[in-house]
Amino acid sequence: MTRFLALLLALLTVTLALPARAADDISAASRSVVRVVTVAMVDGEVVGFGHGSGIAISPTRIVTNAHVVESAAKYPNNVALGVVPSEGQKSYAGKLIAIDTERDLALIEISGTRLPAAAVYSGPLDSGADVVALGYPGNVDLATARSAADYITPRTPVRSEGNLSNTQTVDGVAMLVHTAKISRGNSGGPLVDQCGRIVGINTAITRADDGDSPFAFAISTRELARFLGDAGQQYGAIGSPCLSMAEADARDRAALDADARKTAEANAAKEAAAALDRQLKQAHAEEAALDARENRIALAGVLFVIGALSAGAAMLFYSQQKMRNAKIAGGAGAALILGAAVLFVTRPDAHAEVKDEAAAATTPDAPKIAEGQFLCTIRPDRSRITVSSTTDVPVKIAANGCVNDRTQYAMGADGHWQRILVPNEEATVTVASIDPTGQEYRVDRYLLDADTMAKAREIRAGVTLKSCTADADALAGLATQQEAIRAVLPPTPNERLVYQCQKAATAP
(Lines give C-alpha, C1' and ligand atoms only; values in the text may rest on other atoms or scores of the structure.)
Protein backbone atom coordinates (compact mmCIF):
# COMPACT_ATOMS: atom_id res chain seq x y z
CA MET A 1 0.00 0.00 0.00
CA THR A 2 2.90 2.35 0.80
CA ARG A 3 4.36 1.81 -2.68
CA PHE A 4 0.94 2.45 -4.19
CA LEU A 5 0.45 5.75 -2.37
CA ALA A 6 3.94 6.85 -3.32
CA LEU A 7 3.20 6.02 -6.96
CA LEU A 8 -0.09 7.89 -6.89
CA LEU A 9 1.38 10.95 -5.22
CA ALA A 10 4.24 10.94 -7.70
CA LEU A 11 1.75 10.91 -10.55
CA LEU A 12 -0.35 13.62 -8.94
CA THR A 13 2.60 16.04 -8.85
CA VAL A 14 3.05 16.17 -12.61
CA THR A 15 2.96 19.81 -13.68
CA LEU A 16 1.88 21.51 -16.83
CA ALA A 17 1.47 25.17 -17.77
CA LEU A 18 -1.84 25.74 -19.48
CA PRO A 19 -2.50 28.34 -22.13
CA ALA A 20 -4.80 31.24 -21.33
CA ARG A 21 -8.43 30.78 -22.20
CA ALA A 22 -11.14 33.19 -23.20
CA ALA A 23 -13.35 34.42 -20.38
CA ASP A 24 -16.65 33.25 -21.82
CA ASP A 25 -19.20 31.51 -19.61
CA ILE A 26 -18.50 27.98 -20.82
CA SER A 27 -14.75 28.46 -20.33
CA ALA A 28 -15.47 29.79 -16.85
CA ALA A 29 -17.55 26.69 -16.08
CA SER A 30 -14.77 24.51 -17.52
CA ARG A 31 -12.43 25.74 -14.82
CA SER A 32 -14.75 24.14 -12.26
CA VAL A 33 -14.56 20.74 -14.03
CA VAL A 34 -12.13 18.10 -12.78
CA ARG A 35 -11.05 14.64 -13.76
CA VAL A 36 -11.71 12.02 -11.05
CA VAL A 37 -9.16 9.19 -10.98
CA THR A 38 -9.29 5.87 -9.13
CA VAL A 39 -6.27 3.57 -8.76
CA ALA A 40 -6.73 0.05 -7.36
CA MET A 41 -3.84 -1.84 -5.78
CA VAL A 42 -3.56 -5.44 -4.62
CA ASP A 43 -0.39 -6.65 -2.93
CA GLY A 44 1.43 -3.53 -4.03
CA GLU A 45 0.54 -3.94 -7.67
CA VAL A 46 -1.75 -1.70 -9.74
CA VAL A 47 -4.67 -3.87 -10.77
CA GLY A 48 -7.10 -1.25 -11.93
CA PHE A 49 -7.23 2.35 -13.14
CA GLY A 50 -10.42 4.25 -13.79
CA HIS A 51 -11.43 7.81 -14.39
CA GLY A 52 -14.46 9.99 -14.87
CA SER A 53 -15.37 13.65 -14.59
CA GLY A 54 -16.71 15.90 -11.86
CA ILE A 55 -17.45 19.51 -11.07
CA ALA A 56 -16.73 21.67 -8.04
CA ILE A 57 -19.88 22.53 -6.13
CA SER A 58 -17.82 24.42 -3.54
CA PRO A 59 -14.13 25.40 -3.44
CA THR A 60 -13.25 22.05 -1.82
CA ARG A 61 -16.15 19.73 -2.72
CA ILE A 62 -16.75 17.94 -6.04
CA VAL A 63 -19.83 16.17 -7.40
CA THR A 64 -19.40 13.12 -9.63
CA ASN A 65 -21.21 9.88 -10.42
CA ALA A 66 -21.38 7.15 -7.81
CA HIS A 67 -20.27 4.58 -10.36
CA VAL A 68 -17.06 6.55 -10.95
CA VAL A 69 -15.97 6.17 -7.32
CA GLU A 70 -17.88 3.05 -6.35
CA SER A 71 -14.71 0.97 -6.12
CA ALA A 72 -13.24 3.45 -3.63
CA ALA A 73 -16.39 3.11 -1.53
CA LYS A 74 -16.26 -0.70 -1.57
CA TYR A 75 -12.49 -1.05 -1.12
CA PRO A 76 -11.31 2.05 0.75
CA ASN A 77 -8.01 0.41 1.76
CA ASN A 78 -7.11 -0.64 -1.76
CA VAL A 79 -8.50 2.12 -3.98
CA ALA A 80 -7.28 5.72 -3.83
CA LEU A 81 -9.02 8.75 -5.27
CA GLY A 82 -7.28 11.51 -7.22
CA VAL A 83 -8.73 14.80 -8.42
CA VAL A 84 -7.16 16.56 -11.41
CA PRO A 85 -8.20 20.23 -11.87
CA SER A 86 -8.63 21.63 -15.35
CA GLU A 87 -5.80 24.12 -14.81
CA GLY A 88 -2.97 24.63 -12.39
CA GLN A 89 0.25 22.80 -11.72
CA LYS A 90 -0.70 19.59 -9.93
CA SER A 91 -3.45 17.23 -8.88
CA TYR A 92 -4.75 16.32 -5.45
CA ALA A 93 -5.82 13.34 -3.39
CA GLY A 94 -9.57 13.09 -2.81
CA LYS A 95 -11.72 11.82 0.05
CA LEU A 96 -15.18 10.30 -0.47
CA ILE A 97 -17.70 12.23 1.63
CA ALA A 98 -21.08 10.89 0.47
CA ILE A 99 -22.41 8.43 -2.10
CA ASP A 100 -25.91 7.64 -3.36
CA THR A 101 -25.93 4.67 -5.70
CA GLU A 102 -29.65 5.02 -6.46
CA ARG A 103 -29.20 8.54 -7.79
CA ASP A 104 -25.69 7.69 -9.03
CA LEU A 105 -24.16 10.69 -7.29
CA ALA A 106 -21.14 11.08 -5.03
CA LEU A 107 -19.40 13.90 -3.18
CA ILE A 108 -15.59 14.16 -2.93
CA GLU A 109 -13.52 16.50 -0.79
CA ILE A 110 -10.02 17.79 -1.56
CA SER A 111 -7.54 19.89 0.40
CA GLY A 112 -4.55 21.96 -0.52
CA THR A 113 -6.29 24.11 -3.11
CA ARG A 114 -9.52 25.92 -3.82
CA LEU A 115 -11.48 25.46 -7.04
CA PRO A 116 -13.92 27.92 -8.62
CA ALA A 117 -17.35 26.65 -7.61
CA ALA A 118 -20.02 26.30 -10.29
CA ALA A 119 -23.60 27.38 -9.73
CA VAL A 120 -26.65 25.14 -10.09
CA TYR A 121 -29.46 26.42 -12.32
CA SER A 122 -32.71 26.09 -10.37
CA GLY A 123 -35.09 27.62 -12.91
CA PRO A 124 -37.17 25.99 -15.64
CA LEU A 125 -35.43 24.47 -18.66
CA ASP A 126 -37.37 24.24 -21.90
CA SER A 127 -37.15 21.42 -24.40
CA GLY A 128 -34.80 22.39 -27.20
CA ALA A 129 -32.64 24.56 -24.94
CA ASP A 130 -28.96 24.71 -25.86
CA VAL A 131 -26.78 22.68 -23.48
CA VAL A 132 -23.07 21.85 -23.28
CA ALA A 133 -21.47 18.71 -21.85
CA LEU A 134 -18.09 19.21 -20.18
CA GLY A 135 -15.73 16.46 -19.17
CA TYR A 136 -13.01 14.05 -20.17
CA PRO A 137 -14.38 11.53 -22.70
CA GLY A 138 -12.38 8.32 -22.86
CA ASN A 139 -12.29 8.19 -26.65
CA VAL A 140 -10.48 11.53 -26.71
CA ASP A 141 -8.06 10.25 -24.08
CA LEU A 142 -7.35 7.15 -26.18
CA ALA A 143 -6.45 9.37 -29.10
CA THR A 144 -4.29 11.82 -27.12
CA ALA A 145 -2.92 10.15 -23.99
CA ARG A 146 0.48 8.54 -24.33
CA SER A 147 1.10 7.51 -20.72
CA ALA A 148 -0.58 7.22 -17.33
CA ALA A 149 0.80 10.67 -16.51
CA ASP A 150 -1.44 12.19 -19.19
CA TYR A 151 -4.49 11.14 -17.17
CA ILE A 152 -3.41 13.06 -14.08
CA THR A 153 -2.10 16.16 -15.86
CA PRO A 154 -4.32 19.26 -15.66
CA ARG A 155 -5.94 19.98 -19.00
CA THR A 156 -8.98 21.77 -20.37
CA PRO A 157 -12.11 19.58 -20.46
CA VAL A 158 -13.74 18.72 -23.76
CA ARG A 159 -16.95 20.53 -24.56
CA SER A 160 -19.77 19.08 -26.64
CA GLU A 161 -22.85 21.04 -27.63
CA GLY A 162 -26.38 19.78 -28.05
CA ASN A 163 -29.99 20.36 -27.11
CA LEU A 164 -32.27 19.24 -24.34
CA SER A 165 -34.88 16.75 -25.53
CA ASN A 166 -37.05 16.19 -22.48
CA THR A 167 -37.11 14.82 -18.94
CA GLN A 168 -37.51 11.09 -18.34
CA THR A 169 -37.74 9.07 -15.14
CA VAL A 170 -35.34 6.14 -15.09
CA ASP A 171 -35.62 3.77 -12.12
CA GLY A 172 -37.30 6.52 -10.15
CA VAL A 173 -34.61 9.11 -10.91
CA ALA A 174 -35.36 12.24 -12.97
CA MET A 175 -33.07 12.37 -15.99
CA LEU A 176 -32.52 14.93 -18.74
CA VAL A 177 -32.34 13.43 -22.23
CA HIS A 178 -30.06 15.49 -24.46
CA THR A 179 -28.06 15.35 -27.68
CA ALA A 180 -24.66 16.64 -26.53
CA LYS A 181 -22.21 13.89 -27.47
CA ILE A 182 -20.55 12.18 -24.50
CA SER A 183 -18.72 8.90 -23.95
CA ARG A 184 -17.16 6.89 -21.15
CA GLY A 185 -15.13 9.30 -19.11
CA ASN A 186 -17.80 12.01 -19.23
CA SER A 187 -19.54 10.24 -16.34
CA GLY A 188 -19.94 12.65 -13.43
CA GLY A 189 -19.21 15.71 -15.56
CA PRO A 190 -21.68 18.56 -15.83
CA LEU A 191 -24.28 19.43 -18.40
CA VAL A 192 -24.45 23.24 -18.40
CA ASP A 193 -26.55 25.94 -20.01
CA GLN A 194 -25.12 28.76 -22.12
CA CYS A 195 -24.39 30.74 -18.96
CA GLY A 196 -22.27 27.91 -17.54
CA ARG A 197 -24.74 26.90 -14.79
CA ILE A 198 -25.17 23.20 -13.99
CA VAL A 199 -28.42 21.78 -15.36
CA GLY A 200 -27.52 18.12 -14.93
CA ILE A 201 -24.79 15.57 -14.17
CA ASN A 202 -23.99 13.31 -17.12
CA THR A 203 -24.33 9.65 -16.29
CA ALA A 204 -25.14 7.40 -19.29
CA ILE A 205 -25.60 7.13 -23.06
CA THR A 206 -27.88 5.06 -25.26
CA ARG A 207 -26.48 2.44 -27.59
CA ALA A 208 -26.40 3.45 -31.24
CA ASP A 209 -26.73 0.05 -32.91
CA ASP A 210 -27.93 -0.29 -36.52
CA GLY A 211 -27.67 3.42 -37.18
CA ASP A 212 -29.76 4.52 -34.18
CA SER A 213 -29.17 8.10 -33.09
CA PRO A 214 -27.31 8.28 -29.75
CA PHE A 215 -28.78 10.16 -26.80
CA ALA A 216 -27.28 11.01 -23.45
CA PHE A 217 -28.75 11.07 -19.95
CA ALA A 218 -27.96 13.60 -17.23
CA ILE A 219 -29.21 13.44 -13.66
CA SER A 220 -31.50 16.43 -13.13
CA THR A 221 -30.66 19.23 -10.73
CA ARG A 222 -33.77 18.27 -8.75
CA GLU A 223 -32.09 14.98 -7.85
CA LEU A 224 -28.76 16.77 -7.36
CA ALA A 225 -30.34 19.24 -4.92
CA ARG A 226 -31.81 16.39 -2.87
CA PHE A 227 -28.50 14.56 -2.79
CA LEU A 228 -26.60 17.66 -1.68
CA GLY A 229 -29.26 18.42 0.91
CA ASP A 230 -28.98 14.90 2.34
CA ALA A 231 -25.19 15.34 2.46
CA GLY A 232 -25.51 18.71 4.24
CA GLN A 233 -23.62 20.38 1.41
CA GLN A 234 -24.31 24.03 0.64
CA TYR A 235 -24.14 25.23 -2.95
CA GLY A 236 -24.98 28.22 -5.11
CA ALA A 237 -28.33 28.12 -6.91
CA ILE A 238 -29.39 30.62 -9.59
CA GLY A 239 -32.92 30.76 -10.98
CA SER A 240 -32.50 33.68 -13.38
CA PRO A 241 -32.87 32.91 -17.09
CA CYS A 242 -29.70 32.80 -19.17
CA LEU A 243 -29.11 35.97 -21.19
CA SER A 244 -26.15 36.97 -23.29
CA MET A 245 -24.41 40.16 -22.21
CA ALA A 246 -25.78 41.87 -25.33
CA GLU A 247 -29.31 40.83 -24.35
CA ALA A 248 -28.68 41.94 -20.78
CA ASP A 249 -27.39 45.32 -22.00
CA ALA A 250 -30.44 45.75 -24.22
CA ARG A 251 -32.74 44.90 -21.32
CA ASP A 252 -30.80 47.28 -19.09
CA ARG A 253 -31.28 50.09 -21.60
CA ALA A 254 -34.99 49.25 -21.85
CA ALA A 255 -35.28 49.33 -18.06
CA LEU A 256 -33.46 52.68 -17.92
CA ASP A 257 -35.76 54.05 -20.62
CA ALA A 258 -38.79 52.80 -18.67
CA ASP A 259 -37.42 54.42 -15.51
CA ALA A 260 -36.85 57.65 -17.42
CA ARG A 261 -40.42 57.55 -18.77
CA LYS A 262 -41.81 56.96 -15.29
CA THR A 263 -39.74 59.83 -13.94
CA ALA A 264 -40.83 62.10 -16.80
CA GLU A 265 -44.49 61.13 -16.28
CA ALA A 266 -44.19 61.73 -12.54
CA ASN A 267 -42.52 65.10 -13.16
CA ALA A 268 -45.19 65.97 -15.72
CA ALA A 269 -47.91 65.07 -13.22
CA LYS A 270 -46.21 67.19 -10.55
CA GLU A 271 -45.85 70.07 -13.01
CA ALA A 272 -49.50 69.79 -14.01
CA ALA A 273 -50.56 69.81 -10.38
CA ALA A 274 -48.28 72.75 -9.71
CA ALA A 275 -49.67 74.61 -12.76
CA LEU A 276 -53.24 74.01 -11.57
CA ASP A 277 -52.28 75.22 -8.11
CA ARG A 278 -50.70 78.32 -9.64
CA GLN A 279 -53.86 78.98 -11.69
CA LEU A 280 -56.07 78.69 -8.61
CA LYS A 281 -53.78 80.95 -6.61
CA GLN A 282 -53.70 83.44 -9.50
CA ALA A 283 -57.50 83.45 -9.71
CA HIS A 284 -57.82 83.96 -5.97
CA ALA A 285 -55.19 86.70 -6.06
CA GLU A 286 -56.87 88.51 -8.92
CA GLU A 287 -60.24 88.22 -7.20
CA ALA A 288 -58.75 89.63 -4.02
CA ALA A 289 -57.01 92.40 -5.99
CA LEU A 290 -60.28 93.31 -7.75
CA ASP A 291 -62.12 93.43 -4.43
CA ALA A 292 -59.42 95.66 -2.94
CA ARG A 293 -59.54 97.95 -6.01
CA GLU A 294 -63.32 98.28 -5.88
CA ASN A 295 -63.27 98.89 -2.13
CA ARG A 296 -60.62 101.58 -2.54
CA ILE A 297 -62.60 103.28 -5.35
CA ALA A 298 -65.81 103.12 -3.30
CA LEU A 299 -64.10 104.64 -0.27
CA ALA A 300 -62.63 107.39 -2.46
CA GLY A 301 -66.10 108.09 -3.81
CA VAL A 302 -67.56 108.35 -0.30
CA LEU A 303 -64.79 110.69 0.82
CA PHE A 304 -65.25 112.82 -2.30
CA VAL A 305 -68.99 113.15 -1.69
CA ILE A 306 -68.46 114.06 1.97
CA GLY A 307 -65.71 116.50 0.93
CA ALA A 308 -68.03 118.09 -1.65
CA LEU A 309 -70.76 118.46 0.97
CA SER A 310 -68.24 120.03 3.35
CA ALA A 311 -67.18 122.45 0.60
CA GLY A 312 -70.86 123.36 0.03
CA ALA A 313 -71.34 123.92 3.76
CA ALA A 314 -68.29 126.18 3.79
CA MET A 315 -69.79 128.31 1.02
CA LEU A 316 -73.07 128.52 2.96
CA PHE A 317 -71.29 129.60 6.12
CA TYR A 318 -69.33 132.15 4.10
CA SER A 319 -72.54 133.65 2.71
CA GLN A 320 -73.82 133.91 6.27
CA GLN A 321 -70.62 135.65 7.32
CA LYS A 322 -69.79 132.80 9.66
CA MET A 323 -66.16 132.87 8.77
CA ARG A 324 -64.88 130.49 11.46
CA ASN A 325 -67.34 127.76 10.48
CA ALA A 326 -66.66 128.41 6.81
CA LYS A 327 -62.92 127.82 7.33
CA ILE A 328 -63.48 124.60 9.28
CA ALA A 329 -65.95 123.22 6.73
CA GLY A 330 -63.80 124.33 3.80
CA GLY A 331 -60.62 122.79 5.29
CA ALA A 332 -62.39 119.52 6.06
CA GLY A 333 -63.90 119.39 2.59
CA ALA A 334 -60.56 120.08 0.93
CA ALA A 335 -58.87 117.39 3.03
CA LEU A 336 -61.57 114.84 2.23
CA ILE A 337 -61.44 115.60 -1.50
CA LEU A 338 -57.63 115.37 -1.46
CA GLY A 339 -57.82 112.05 0.43
CA ALA A 340 -60.36 110.76 -2.09
CA ALA A 341 -58.02 111.71 -4.93
CA VAL A 342 -55.09 109.97 -3.26
CA LEU A 343 -57.15 106.81 -2.67
CA PHE A 344 -58.32 106.78 -6.27
CA VAL A 345 -54.84 107.32 -7.70
CA THR A 346 -53.30 104.60 -5.49
CA ARG A 347 -56.04 102.05 -6.15
CA PRO A 348 -54.63 98.48 -6.66
CA ASP A 349 -54.25 96.95 -10.11
CA ALA A 350 -56.99 94.49 -10.99
CA HIS A 351 -54.32 91.96 -12.16
CA ALA A 352 -52.00 90.36 -9.55
CA GLU A 353 -48.89 88.24 -10.14
CA VAL A 354 -48.44 85.24 -7.83
CA LYS A 355 -44.85 84.32 -6.91
CA ASP A 356 -44.08 80.71 -7.91
CA GLU A 357 -42.60 79.58 -4.61
CA ALA A 358 -42.75 75.88 -5.61
CA ALA A 359 -40.68 76.47 -8.74
CA ALA A 360 -38.17 78.51 -6.77
CA ALA A 361 -37.92 75.74 -4.16
CA THR A 362 -37.24 73.05 -6.78
CA THR A 363 -34.51 74.89 -8.63
CA PRO A 364 -31.85 72.23 -9.16
CA ASP A 365 -28.71 72.67 -7.16
CA ALA A 366 -25.30 71.35 -8.11
CA PRO A 367 -25.18 67.57 -7.63
CA LYS A 368 -23.86 66.49 -4.27
CA ILE A 369 -21.77 63.44 -3.45
CA ALA A 370 -23.84 61.03 -1.42
CA GLU A 371 -22.84 60.25 2.13
CA GLY A 372 -24.32 57.92 4.69
CA GLN A 373 -25.74 54.42 5.00
CA PHE A 374 -27.55 52.90 2.00
CA LEU A 375 -29.33 49.61 1.42
CA CYS A 376 -28.99 48.32 -2.14
CA THR A 377 -31.46 45.87 -3.70
CA ILE A 378 -30.86 43.89 -6.89
CA ARG A 379 -32.54 44.99 -10.11
CA PRO A 380 -33.02 41.68 -11.99
CA ASP A 381 -34.34 43.56 -15.02
CA ARG A 382 -31.00 45.36 -15.31
CA SER A 383 -28.66 42.52 -14.33
CA ARG A 384 -27.04 39.44 -15.81
CA ILE A 385 -26.92 36.93 -12.98
CA THR A 386 -24.92 33.74 -13.56
CA VAL A 387 -23.14 32.55 -10.40
CA SER A 388 -23.65 35.03 -7.55
CA SER A 389 -26.06 35.51 -4.69
CA THR A 390 -28.29 38.58 -5.00
CA THR A 391 -29.07 39.38 -1.38
CA ASP A 392 -29.42 43.02 -0.35
CA VAL A 393 -26.11 44.86 0.09
CA PRO A 394 -25.60 47.49 2.81
CA VAL A 395 -23.23 50.21 1.68
CA LYS A 396 -21.82 53.04 3.75
CA ILE A 397 -20.32 55.88 1.71
CA ALA A 398 -18.10 58.73 2.87
CA ALA A 399 -17.51 61.93 0.93
CA ASN A 400 -13.95 60.89 0.03
CA GLY A 401 -15.04 57.53 -1.43
CA CYS A 402 -14.36 55.43 1.66
CA VAL A 403 -16.83 52.54 1.61
CA ASN A 404 -17.91 50.63 4.69
CA ASP A 405 -15.20 52.41 6.70
CA ARG A 406 -12.44 50.20 5.26
CA THR A 407 -12.22 50.14 1.44
CA GLN A 408 -11.07 53.17 -0.53
CA TYR A 409 -12.74 53.71 -3.91
CA ALA A 410 -11.30 56.00 -6.58
CA MET A 411 -13.23 58.29 -8.89
CA GLY A 412 -13.36 56.75 -12.35
CA ALA A 413 -13.50 58.42 -15.75
CA ASP A 414 -17.30 57.96 -15.78
CA GLY A 415 -17.68 59.97 -12.57
CA HIS A 416 -18.45 56.92 -10.42
CA TRP A 417 -16.60 55.72 -7.34
CA GLN A 418 -14.84 52.50 -8.35
CA ARG A 419 -12.74 49.74 -6.80
CA ILE A 420 -11.29 46.67 -8.56
CA LEU A 421 -10.90 43.69 -6.24
CA VAL A 422 -8.41 40.95 -7.08
CA PRO A 423 -8.52 38.13 -4.48
CA ASN A 424 -5.60 35.80 -3.81
CA GLU A 425 -7.53 32.52 -3.94
CA GLU A 426 -10.64 32.95 -6.06
CA ALA A 427 -10.28 33.16 -9.85
CA THR A 428 -12.59 36.16 -10.05
CA VAL A 429 -11.93 39.86 -10.51
CA THR A 430 -14.69 42.15 -9.28
CA VAL A 431 -15.21 45.72 -10.43
CA ALA A 432 -17.49 47.49 -7.95
CA SER A 433 -18.77 51.00 -8.67
CA ILE A 434 -21.09 53.41 -6.92
CA ASP A 435 -23.02 56.29 -8.43
CA PRO A 436 -21.95 59.53 -6.68
CA THR A 437 -25.60 60.16 -5.78
CA GLY A 438 -25.74 56.80 -4.00
CA GLN A 439 -28.65 55.61 -6.15
CA GLU A 440 -26.85 52.77 -7.97
CA TYR A 441 -24.34 50.11 -6.92
CA ARG A 442 -22.93 48.00 -9.74
CA VAL A 443 -20.81 44.84 -9.62
CA ASP A 444 -19.09 43.42 -12.71
CA ARG A 445 -17.48 40.00 -12.25
CA TYR A 446 -14.86 38.48 -14.54
CA LEU A 447 -14.33 34.70 -14.21
CA LEU A 448 -10.76 34.38 -15.44
CA ASP A 449 -8.19 31.77 -16.38
CA ALA A 450 -5.06 31.26 -14.33
CA ASP A 451 -2.78 33.33 -16.59
CA THR A 452 -5.05 36.38 -16.61
CA MET A 453 -5.54 36.11 -12.85
CA ALA A 454 -1.75 36.00 -12.43
CA LYS A 455 -1.38 39.20 -14.45
CA ALA A 456 -4.12 40.95 -12.49
CA ARG A 457 -2.56 39.88 -9.17
CA GLU A 458 0.85 41.09 -10.32
CA ILE A 459 -0.56 44.56 -11.03
CA ARG A 460 -2.62 44.50 -7.84
CA ALA A 461 0.56 43.85 -5.86
CA GLY A 462 1.67 47.38 -6.81
CA VAL A 463 -1.38 48.94 -5.14
CA THR A 464 0.06 50.35 -1.91
CA LEU A 465 -3.13 52.03 -0.70
CA LYS A 466 -4.63 49.54 1.76
CA SER A 467 -6.99 51.77 3.74
CA CYS A 468 -9.15 54.85 3.32
CA THR A 469 -7.51 58.21 2.74
CA ALA A 470 -8.31 61.77 1.75
CA ASP A 471 -4.92 62.34 0.13
CA ALA A 472 -5.52 63.49 -3.47
CA ASP A 473 -2.21 62.08 -4.75
CA ALA A 474 -2.93 58.66 -3.23
CA LEU A 475 -6.40 58.62 -4.77
CA ALA A 476 -5.01 59.56 -8.18
CA GLY A 477 -2.43 56.78 -7.88
CA LEU A 478 -5.14 54.25 -6.99
CA ALA A 479 -7.17 55.31 -10.03
CA THR A 480 -4.15 54.83 -12.31
CA GLN A 481 -3.38 51.38 -10.90
CA GLN A 482 -6.98 50.31 -11.29
CA GLU A 483 -6.98 51.33 -14.93
CA ALA A 484 -3.90 49.13 -15.41
CA ILE A 485 -5.79 46.15 -13.94
CA ARG A 486 -8.78 46.89 -16.14
CA ALA A 487 -6.53 46.80 -19.21
CA VAL A 488 -5.86 43.06 -18.74
CA LEU A 489 -9.54 42.18 -18.29
CA PRO A 490 -11.75 40.91 -21.14
CA PRO A 491 -13.96 43.48 -22.90
CA THR A 492 -17.11 42.29 -21.13
CA PRO A 493 -17.70 40.65 -17.73
CA ASN A 494 -19.28 37.26 -17.17
CA GLU A 495 -21.74 38.72 -14.71
CA ARG A 496 -23.25 42.12 -14.03
CA LEU A 497 -25.27 42.88 -10.93
CA VAL A 498 -27.07 46.23 -10.75
CA TYR A 499 -28.48 47.33 -7.40
CA GLN A 500 -30.82 50.21 -6.67
CA CYS A 501 -29.91 51.94 -3.43
CA GLN A 502 -31.92 53.95 -0.93
CA LYS A 503 -30.98 55.71 2.26
CA ALA A 504 -31.15 53.20 5.08
CA ALA A 505 -32.99 54.00 8.27
CA THR A 506 -30.53 54.80 11.04
CA ALA A 507 -30.82 53.28 14.47
CA PRO A 508 -32.07 55.69 17.18
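1. First, some housekeeping: helices (H or I, at least four residues) and strands (E, at least two) are DSSP runs, numbered from the N terminus. You're looking at a predicted model, where local features need pLDDT of at least 70, side-chain atom pairs count only at pLDDT 80 or more, and totals for chains, interfaces and linings use all residues. Residues are numbered from 1 along each chain as its sequence is written, and side-chain values use heavy atoms, with hydrogens and water left out.

2. Let's start with α5, residues 221-230. Just past α5 comes G232, with a positive phi of about 70°. In α5 itself, T221, E223, L224, F227 and L228 are buried (under 20% relative accessible area; exposed is over 50%, partly exposed in between, with a 1.4 Å probe and protein chains only). Those buried residues fall within an arc of 150° when seen down the axis of α5, so they line one face of the helix (the arc is that of the directions from the helix axis to the C-beta atoms). An α-helix has 3.6 residues a turn, so residues three or four places apart point the same way.

3. Now the barrel. Six strands close up in the order β1-β2-β3-β6-β5-β4, with antiparallel pairing (strands pair if DSSP finds at least two bridges between them). From one strand to the next, the twist averages 40° (axes are lines fitted to C-alpha atoms, for helices over the stretch in contact, and angles run from 0 to 180 degrees between N-to-C directions). Strands β1 (residues 33-42) and β2 (residues 45-58) run antiparallel and are joined by 10 bridges; A40 has G48 in β2 as its bridge partner.

4. Helix α3 (residues 66-74) packs on the sheet and touches β1, β2, β3, β4, β5 and β6, its direction making about 105° with that of β5 (contact means heavy atoms within 4.5 Å). Helix α5 packs there too, touching β2, β3, β5 and β6, at about 55° to the direction of β6.

5. Two loop residues are worth a look. Most residues other than glycine have a negative phi. D104 has a positive phi of about 60° although it is not a glycine; D104 sits in the loop between β5 and β6 and counts as buried at 12% relative accessibility. D171 also isn't a glycine, yet has a positive phi of about 55°. D171 lies in the loop between β9 and β10 and is exposed, at 77% relative accessible area.
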